[in-house]
Amino acid sequence: MNSLLIKNAKLRNHDELKSILVENGRISRIDEGISAENLETIDAKGNLVIPPFVDPHVHLDAVLSAGDLSRPNKSGTLLEAIDIWGERKPFLTKEILKENAREVVKWYIANGVLRVRTHADCSDPTLVTVESLVELREEVKDLIDIQVVAFPQNGIFTKPDGVTLLRKALEIGADVVGGAPHIEYTREDGVKDVEFVYHLAEEFDKLIDIHIDETGDPHSRFIEVMAKENIVRGWQGRAAASHTTAMHNYNNDYAFKLLGILKKADMNMITNPFDNSVLQNRTDGYPRKRGHTRVDELLARGVNVCIGHDSIMDPWYSMGKGNMIAAANLLAHTAHMNGHDQITMLMDMITTRSARTLAVEETYGLEAGKQADIVILDARNDAEAVRLTSECLYVIRKGKVICRTTPAVRTLEIVENLELVDFKLK
Ligand code: FE2
């Protein structure tokens, strides 16, 4: 197994530089000035050393599909994206699905993302999406940890086989039960959708992650149903609510009450800045609101909130490259999260807070005894990392370097002596 020493590491919340000793794929010691002979040694040179980034919300079955077999999303709306995805589904094969997802796994590794939760659309009778991602999860498990959510993209009760397919997706290996109550035809079916997800999760002993209130409609209030289930069934801390963008538009009196219930339910909330900023409140005209959930208010109440990527080049969002710092940087702007302490919070939201949502804290983190998954950034602190959307100089998995990045070198030729520019304060 792999052993190495990282010297001059700047850890978050520590002033002095540290050494990290890795033995047999695990962190064995973190201290000042550790020396070890005959061991691969990396000099972090005072750069920030962190546990890997976590993406708690992506759709790996749809990645890289923008513009290949699909027509472009001309309106840019969520509903046209769902239509395009529906047209594409009959042409999906395991080969295409795995090839695209495999490519994005490489992008994630290059971006220091080593824990991922992906949704897999389970509304098609072939369940080829679920099968493909379950197989891929096993194929890449030495490099990256993937959780697969059985995700009823078209709702559970909008067609006769919805329940059977969700159940089958769990039987073939999905790790997490998903739902989509706001997609159901009626409010009553939406409530049933949430309740059924809890029922199934208890039956199969799985985690829960529901796409919920992913709309700008202030009357979409399924999150209150989910919070109630979480409280009465004793699911505190274990279930995730993805998107909750309608909360942006709730009236403040209702939101104030709801935030207290979410705290009591100990929900894990996932906001997705890339997709939410372009898909929600699309029919506003002016003024244009931004469709992210109430991030700062949730955090102020002590609710766990983390950041997902959601789409990477698909009908919903045609951009992206699997970079979680870029998602955090965007949220800093769209959610007014640019205060000094909030920048630090953004880094938590793409690392430790996401790890809590995925329930992987046991193996995750820079502590003696934990698996040596480590990222060395090209930045000296959180603010610099978020400002520069810094590169990952080294990505280390179980004590082995699996990606090295050489940042771009920019040489100014406008003065007599050539000068390098790296956008950092001297
Ligand atoms: Fe999503």
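Predicted model: local features only at pLDDT ≥ 70, side-chain atom pairs only at ≥ 80, totals over all residues.

Residues are numbered from 1 along each chain as its sequence is written, and side-chain values use heavy atoms, with hydrogens and water left out.

**Stop one.** Select residues 162–171, helix α4, and residues 187–204, helix α5 (helices are DSSP runs of H or I, at least four residues, numbered from the N terminus). Their axes come within 11 Å and cross at roughly 30 degrees (axes are lines fitted to C-alpha atoms over the stretch in contact, with angles from 0 to 180 degrees between N-to-C directions). α4 and α5 are therefore roughly parallel, a label for angles under 35 degrees. Now show V163, L166, R167, L170 and E171 of α4 with F196, H199, L200, E203 and F204 of α5, which make the contact (heavy atoms within 4.5 Å).

**Stop two.** Among the contact residues are V191 and Y198 of α5 and F222 and M226 of α6.

**Stop three.** Which residues lie nearest the centre of the largest pocket? Select L78, L79, H182, E214 and T215, from a lining of 28 residues. On a 1 Å grid over the protein atoms alone, a pocket is an open set of points where a 1.4 Å probe fits, with protein on both sides within 12 Å along at least five of seven lines; lining residues have an atom within 4 Å of a point. Helix α1 (residues 78–88) gives the largest share of the lining, three residues.

Technical notes
Helix = DSSP H or I, 4+ residues; strand = E, 2+ residues; numbered from the N terminus. Parallel < 35°, antiparallel > 145°, perpendicular 65-115°, else oblique.
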